[in-house]
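Let's take a look at a pocket, a surface patch and some salt bridges. Here is the model to follow along with.

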Amino acid sequence: RYDNMMVTITEKLDGTNGCVVVQDGVVVGAQSRNRKIKVGDDNYAFAGYIENNKDELTTLGDGYHYGEWCGPGIQRNPHNLTEKTFFLFNTFRPADTLPSCVKNVPILFQGEFEGNDQLDQIMSDLVVSAAESGYKPEGVIVYFHGFRSLAKYTFQNNASKWTLS
């Protein structure tokens with residue numbers, strides 16, 4: 001039932017979930033996956049990042065803007081980022097409309113889903129490109145447009161074959 005459905009496949013980044021909340025053109029909050037956070041009681045300095053960049057972050061527009069907060073001191077930092085970076089999950093938003101302090105998660109594929117063989121190839125290609133860049137990828141996220149739902153596939157077992165988690 002997934003075949004021929006439009007999908008967006010992005011790299012699953014190894015960081016921590018974060019959200020910027022903008023209301024009436026003003027940054028009004030920050031949150032981790034499960035709670036509101038503030039400077040001094042934040043998620044790997046994510047609230048401090050929001051406070052320091054709030055004028056620029058207002059250009060995201062009103063709403064809840066979810067993403068992955070990655071970089072030094074956050075999880076394993078497999079991409080060897082030299083500074084903490086906020087990667088927005090919203091891949092529908094063109095990168096050139098993002099504030100300079102925000103990036104999109106890396107898009108690996110957008111188009112019609114052709115099944116597990118296609119996913120195997122995308123994940124194999126990710127392993128190769130990551131090895132060339134000197135890191136080990138965590139996996140991918142598949143967004144099924146028709147269902148408006150996500151599936152996460154990771155490289156968790158020793159056989160290096162993807163598993164649904």
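Is lysine 12 buried or exposed? Lysine 12 has a relative accessible area of 15%, so it counts as buried. Keep in mind that this is a predicted model.

The side chain of lysine 12 meets that of glutamate 138 in a salt bridge, at 3.0 Å from N to O. Lysine 12 belongs to strand S1 and glutamate 138 to the loop between helix H3 (116-133) and S9, so the pair ties together parts 126 residues apart in sequence.

## Other salt bridges

The count comes to four salt bridges. One of them joins arginine 76 and aspartate 14, with 2.9 Å between the closest N and O atoms. Arginine 76 sits in the loop between S5 and S6, aspartate 14 in the loop between S1 and strand S2 (16-23), 62 residues apart. Arginine 76 is exposed at 53% relative accessible area, whereas aspartate 14 is buried at 11%.

Arginine 35 and aspartate 41 also pair up, their closest N and O atoms being 3.4 Å apart. Arginine 35 is partly exposed at 37%, and aspartate 41 is partly exposed at 39%.

## The largest pocket

The largest pocket has a volume of about 580 Å³. Its lining takes in 21 residues, with Thr10, Phe89, Val105, Ile141 and Leu150 nearest the centre. By type, the lining splits into ten nonpolar, six polar and five charged residues.

## Phenylalanine 89

Phenylalanine 89 is in the loop between strand S6 (85-88) and strand S7 (102-104), and is partly exposed at 37% relative accessibility. Together with Tyr64 and Tyr66, Phe89 makes a nonpolar surface patch of about 320 Å² accessible area.

Methods
Residues numbered from 1 in each chain as written. Predicted model: local features only at pLDDT ≥ 70, side-chain atom pairs only at ≥ 80, totals over all residues. Heavy atoms only, no water. 1 Å grid on protein atoms, 1.4 Å probe; cavity = no way out; pocket = protein on both sides within 12 Å on 5 of 7 lines; lining within 4 Å. Points joined across faces, edges and corners; volume = space filled by probe spheres on them. Nonpolar A, V, L, I, M, F, W, Y, C, P; charged D, E, K, R; others polar. Patch = residues over 30% accessible without salt bridge, like charges linked within 9 Å, V, L, I, M, F, W, Y side chains within 5 Å. Areas by Shrake-Rupley, 256 points an atom, 1.4 Å probe, with all protein chains shown as cover. Helix = DSSP H or I, 4+ residues; strand = E, 2+ residues; numbered from the N terminus. Buried < 20%, exposed > 50% of the residue type's maximum accessible area, 1.4 Å probe, protein only.
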